[in-house]
Amino acid sequence: MPHLLIVDDDAQLLRALSITLRAFNYGVFTVGTGVDALSHTAYNKVDLVILDLGLPDMDGTVVIRGLRGWTTVPILVLSGRDDPAARTQALDLGADDYVTKPFSMDELHARIRAALRRSTTVSEPTRPVAHEIGDWLIDLDAHTITRTPASAGTTPAAPHLTPTEWRVLQVLLANPGSLVGSQHLLTQVWGDGHEHATNYLRVYLWQLRAKLERDPSHPRHLITDPGMGYRYQP
């Protein structure tokens with residue numbers, strides 16, 4: 001059974017789509033915000049994301065960028081924005097298809113089937129399975145943290161990361177060795193309108209270092225470039 005995640009803040013539409021798509025034998029999960037969409041996709045099996053662009057906490061394009069930082073799950077935009085610029089932007093950012101509201105249920109179902117067919121024939125690009133920070137191996141695909149072979153069997157247990165900590169880490173690890181500007185990182189994780197909330201980054205980088213670095217006060221992997229941004233140094 002394919003699992004669909006529908007992201008929209010219209011409760012009536014979510015209810016209608018849920019009833020109809022479950023009748024077609026899909027597993028359907030619904031959320032109303034971009035943060036919940038990123039969190040649900042990170043921790044649950046999702047075969048297709050159906051995404052509205054007009055979300056209350058962040059623009060849907062930010063969700064697309066966030067997902068494309070670590071997964072190739074198909075994204076079908078379902079939006080009231082019918083101008084070519086919006087369609088082009090969403091597709092350029094990594095959406096697989098774009099359907100405008102109002103829509104035909106038959107057309108939407110056909111687009112869903114097509115996206116799911118394509119996803120079964122496209123293989124994941126080759127990239128490192130895990131990134132190493134201190135004594136830990138970070139697997140972004142599996143969302144797991146395990147000990148490196150050299151430290152296996154020692155304590156403490158693997159740390160638990162919050163959904164926001166995962167998203168910060170995903171952006172940094174997707175750009176190994178490269179500076180990620182503070183404004184870019186804030187927009188990727190928290191959405192538009194947070195470009196100057198640099199205190200968020202100081203708090204979350206401190207938390208990540210405390211959980212992952214061998215010596216948090218002298219980090220080896222999660223580096224601050226003062227006044228510029230942050231980077232993951234392999």
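A salt bridge here is a side-chain nitrogen of Lys or Arg within 4 Å of a carboxyl oxygen of Asp or Glu. Keep that cut-off at hand for this tour.

This is a predicted model: local features need pLDDT of at least 70, side-chain atom pairs count only at pLDDT 80 or more, and totals for chains, interfaces and linings use all residues. Residues are numbered from 1 along each chain as its sequence is written, and side-chain values use heavy atoms, with hydrogens and water left out.

**Stop 1: the whole chain**

Show the cartoon. The protein has 8 helices and 11 strands. Helices (H or I, at least four residues) and strands (E, at least two) are DSSP runs, numbered from the N terminus. The radius of gyration is 19 Å, close to the 17 Å that the globule rule gives for 234 residues, so the protein is as compact as a globular protein of that length. That radius is taken over C-alpha atoms, and the rule is 2.2 Å times the number of residues to the power 0.38.

Now switch to the C-alpha trace. Along its principal axes it spans about 55 × 40 × 30 Å.

**Stop 2: the surface**

The protein exposes about 11400 Å², and carbon and sulfur atoms supply 54% of it. The areas come from the Shrake-Rupley method with a 1.4 Å probe; for residues, only the protein chains shown count as cover. Buried residues make up 46% of the 234 residues. Buried means under 20% relative accessible area, exposed over 50%, and partly exposed in between (1.4 Å probe, protein chains only).

**Stop 3: the helix pair**

Select Arg111 and Glu107. Their closest N and O atoms are 2.7 Å apart, in a salt bridge. Both residues lie in helix 5 (residues 105–121), 4 residues apart, about one turn of the helix. Arg111 is partly exposed, with a relative accessible area of 24%. Glu107 is also partly exposed, at 34%.

**Stop 4: the loop pair**

How many salt bridges does the structure hold? There are 11. For another one, select Asp59 and Arg81, whose side chains meet at 2.6 Å, N to O. Asp59 sits in the loop between strand 3 (48–51) and helix 3 (60–68), and Arg81 in the loop between strand 4 (75–79) and helix 4 (84–93), so the pair ties together parts that are 22 residues apart in sequence. Is Asp59 buried or exposed? Asp59 counts as buried, at 19% relative accessibility. Arg81 is partly exposed, at 29%.

**Stop 5**

Select Asp135 and Arg147. They form a salt bridge, with the closest N and O atoms 4.0 Å apart. The pair links distant parts of the chain: Asp135 is in the loop between strand 6 (131–133) and strand 7 (136–139), Arg147 is in strand 8, and they are 12 residues apart. Asp135 counts as partly exposed at 22% relative accessibility, and Arg147 as buried at 16%.

Salt bridges that share partners also join Asp8, Asp52 and Lys101 into one network. Select those three residues too.

Last, pick Thr148, in the loop between strand 8 (144–147) and helix 6 (163–173). Thr148 counts as buried, at 4% relative accessibility. Which residues does Thr148 touch, not counting those up to four places away in sequence? They are Glu132, Gly134, Asp135, Trp136 and Leu137.

How values were computed: Contact = heavy atoms within 4.5 Å.
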